[in-house]
Amino acid sequence: MKLKKNLLLIAIIALSAVLRFYNLSNIPAGFNDDEAAFGYNAYSITKIGKDEWGKMLPFPVFESFGDWKLVGYLYLTAISTSIFGLSEFATRFPSALFGVFTVFATYLLAKELFNKRIALLASLLIAISPWHVIASRNAFESDLLSFFITLGIYALIKAFEEKKYLKYSGALFVLAFYIYRSAWIFLPLFLLTILLLHQSQFRKFKKEFLKYTIIGIVFLLPLIPTIFSFRGQSRFVQESFITGATRIGITNDINIRRGLCSNNMPTFTCTIIYNKYISFTKTYVANYFKNLSFDSFFENASPTGFQSFATRGVFYLFELPLLILGLLVLFKRKDPSLKILIPWILLAPIGASITGIGNYGRLNLILPVPQIIAAFGLYAFLTNLNLKALRLAAIATITIVITFSLCKFVVDMFYVEPFFTSRYQRYGYKELFTYLNNQKSSYEHFYISGKIDNSHQYIQYLFHQKVDPQYFLSNVKRSHAKDGWVSMESIANYHFPQSAPGPEQIPKKSLLVTGSKEVNYPVGPISQVKYLNGEVGFEVYDVDSIKAANLKQDK
Amino acid sequence: MTFFKKYILLAIIMLAIFLRFWKLDSMPIGFNDDEAAFGYDAYSVLKTGRDEWAKVAFPTFESFGDWKLVGYLYPTVLSELFFGKNVFAVRFPSALIGVLAVISTYLLAKKLFDQKTALFAAFLLAINPWHIIASRNAFESDILIFTVSISVYFFLKGIEEKKYLLYSFLGFALSFYVYRSAWFFLPLFVSTIIFLHRNILQKHKTDLLKALIFAFFLLVPLLPTVLTFSGQSRFFQESFIYGVANQGIKNEINEKRGACFEHSKAFFCKMAYNKYLSNITTYVNNYFENLSSQTYFTKGPANGYQSFSNRGLFYDFELPLLLVGIVMLIVKKEKAAKILIPWILLVPLGASFTGVGNPGRLNIMLPAPQIIAAYGFFAMLTLLNKRRLKGAVIFSAAIIITISLVRLWTDMFYFYPKISGKYQRYGYQELFKFIASHKNDYNQIIISRKNDNAKQYIHYMFFGDIPPEKFSDSSFTTRYRGEDKWQVVEKIGNVHFYPAAPNLEDVEQKTLLVTEEHEVSYAQEPIHVVKYPNGDTAFELYDLDKVREKLKVTDDQL
């Protein structure tokens, strides 16, 4: 009986699982550096209990490339690799699984905010959401936040009626802090706003609330050294417009304007109207609004397809009218759910805007709010149609539109996207390192040029050849660059120079791997790895035959 | 109106005049093709009663083949009658109507809300970067800002006093003669506002009908234009359905289909990727981008046409006011929303056929955002219940606005001219004045049009004082319509327009050659160089006899 009642929900969850698990190892095409890092560090922990830097059970962060990732996703992957072994599938598994969980969490939250029908619609929309599907399929920690925040808010609202839910809510929010840094900015602001907007509800259980807040803070204490040191802010320092690379563009712009201005006006005036404070504010505000704009969500997302798509938007176009309608009706009715949903949407880009625009991994904690609002909009629209025939026609049309959109999305994701994005998603390393592994009987040294992509190839090597962690730790030669990123020199007979060294610098019986057209030798490569669109990704050269040919030419 | 408030309005109008007329002839720098076309055709009408093609200019004139509407032409005739044929005179009507738009904004906002909102809205329009630059260019689109806002004002007044309905529809009808964006926007907008006010209008059914018939009667002369190529020329040339952008859409479809064919049935791929879906998606994308914050608050298009390439169209501080304004309009269910919301939502419907962020096609939206922002500001103030807080907000608003205004001033007069010369056809004035005074020293003067698609002739006619009769004299001028219906001018007197610089041996004695920088490289220095304000070279003038002489000397030396 109960099963029958929830048949629709089960179908939706099954659909979400198919969309997230089918062909998980190959789609998204390629396997990016962060994925390989999670996979290999997890593998290393299951084998020897240490991460790639030899740190025993790292907590709360592990160094990885020098970006000091939080450990939440690491230990989940450790469980998954100990079950499935080290593979792309195992690395992506926790993300995909939590993606399915999020669908259920969305159902719970929407049901709590509105009703069961809206909850079913919302969970359907998040189950088929292109953005959520692709985020779930990448082994990347940010999409886990959607689950923890959604369920945490659900428990919090529940707690307004039954106090016992408060501790679950608190636990979920605390965990979120250990998963991805976006939570560090978002959650405190979001929870504070919710607290302010629901004062009367909170007043009822002041004591418990205070108790669990204190307990929560205690559990967050281990993070404090991380938050206040370079380790916590590494990404911020590397990427924000205040301290990162884009800063110089802003400074130049100010200087040009000031120069032209001070030819005609007092310097004091020019300094007041053109200065870094005004420029930073302008940049931040512009980023913020772009991050919330139609373009970000409905136009082709990002040329690299990272955590998104190169050839389509992250939302369906049909969600737009539903979203607008949903918002209008919510505002018109002054619905209490607004006090949760609106701050969620408005605060989501607060952190991402410091670094720039269209970083979909930093924005996706906005999910599943747009889907819940769209589901509400659809429901409001349908219930507003008085004529039964009209309503049936509307349902039929919407079913067709959704089915068609879903089919198009599936074609886009499985067939079209890989063609356009494989080169940006580190496609080819698996083929490359498998090939090199097969050559190990004929060659002694392997040189991989770092020009192809900024010196993280070593992790791809470790991952795809399943290098023994202990062997790695005892044979690695590496250092830290000035900006804190790791600079890899070699792992035993695998060398990772900044760019292709001259053949004379390479010992006998070596293979050299370069990017396409990076070098120009009299003899061609002995092997090539191609991207899915047919372009050459890597070229493998036999160094001895290059030397022989050079010698011949000299004579 | 109190004495004090009267003076505030007067001060706002003075400020509007100052921001629009100060250095009108040199800011925007240069004088673009359309400005020169209006200027010369107006001059032609003034002298001969006909346009440059010796046709009666009504309701359109051919110009470059883009068939401009005459709404801006006749005001320019009048202006040239007073001020003569010069840059200032051509821009004068636009700047003047820009000031009138500030007044009509005041009237409209007062009708929609109250006097203080009206004053603030008028102030916001007076200092609005987009409106200032649109008013300063001699371009017809900004005239609509005035005609539409005053017509809406009369429409609202007409609801109370029916006689004003006639004025309202007179204004709407005249707008059709000004710029084509009105053709698409006004029918939709006017029918929407009539529909939304249908209950009140019930009272004046007959008067409304009379006004509508009167308007249709005024529009009859336009019908042949609307229904023929001369009406749709721009649409064909620029829309993504027929224009150049269509090719990009086709290529993308083919590429995606190709990737899809490898895995899936052809039928399925064609369902998923086809021109209908792509055209709809492009249109919807354009529409929303045309309403997005990027279009109005981040940098304008690089060529700075009808906008600033170095700053946004609006001030950043207007954005929060606008958002608060819109939310409050909806929450409070203000009557004004029935006018302002359709206005903003309908404007991009037309512009979205051609692309994103074309400021000249979107500025018909003004002054609706300013009125909403002004309303938003006062709505925000009433939300703040503490008096001291209110004072603080007003004080910081004053500081922010002052800084923004000073910033606009330096951006506009000191920074913008340095970077916009190239796109605003700077240099033609100096070039053609030079040529006009030296043309008798040479047998022929050759101007390479390699870097500027063939509209230099209009600058020569304007700055070189070529009489209109001579232009239609086929022994003096060689001109024809090209295949794509754009017109091509090959020669005016001894001034020839070549597709590119000719070979030295193909040119007769006593020839002066004009090229852009780096188009040719001769050992001989140019006899004259025209420079952009930032010091880059715009044009080089070579006496080809001297070039040949130098070449001979070097050959001999070798």
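How many bridges join strand S7 of chain B to strand S9 of chain B, and do these strands run parallel or antiparallel? The views below come from a predicted model: local features need pLDDT of at least 70, side-chain atom pairs count only at pLDDT 80 or more, and totals for chains, interfaces and linings use all residues. Residues are numbered from 1 along each chain as its sequence is written, chains are lettered from A in the order in which they are written, and side-chain values use heavy atoms, without hydrogens and water.

**View 1. Strands S7 and S9 of chain B.** S7 (511-516) and S9 (537-543) run antiparallel, joined by 5 bridges. B:Glu516 stands opposite B:Phe539 in S9(B). Strands are DSSP E runs of at least two residues, helices H or I runs of at least four, numbered from the N terminus.

**View 2. The open sheet of chain B.** Seven strands follow the order S4-S5-S6-S3-S7-S9-S8, with mixed pairing. Two strands pair if DSSP finds at least two bridges between them. S4 (477-481) and S8 (528-531) are the edge strands.

**View 3. Helix H26 of chain B.** H26 (544-557) lies across S7 and S9, at about 70 degrees to S9(B). Axes are lines fitted to C-alpha atoms, for helices over the stretch in contact (heavy atoms within 4.5 Å); angles run from 0 to 180 degrees between N-to-C directions.

**View 4. The interface of chain B and chain A.** Each chain gives 37 residues to the contact. The rule finds 2 salt bridges here (side-chain nitrogen of Lys or Arg within 4 Å of a carboxyl oxygen of Asp or Glu). B:Asp411 forms a salt bridge with A:Arg257, with the closest N and O atoms 3.1 Å apart.
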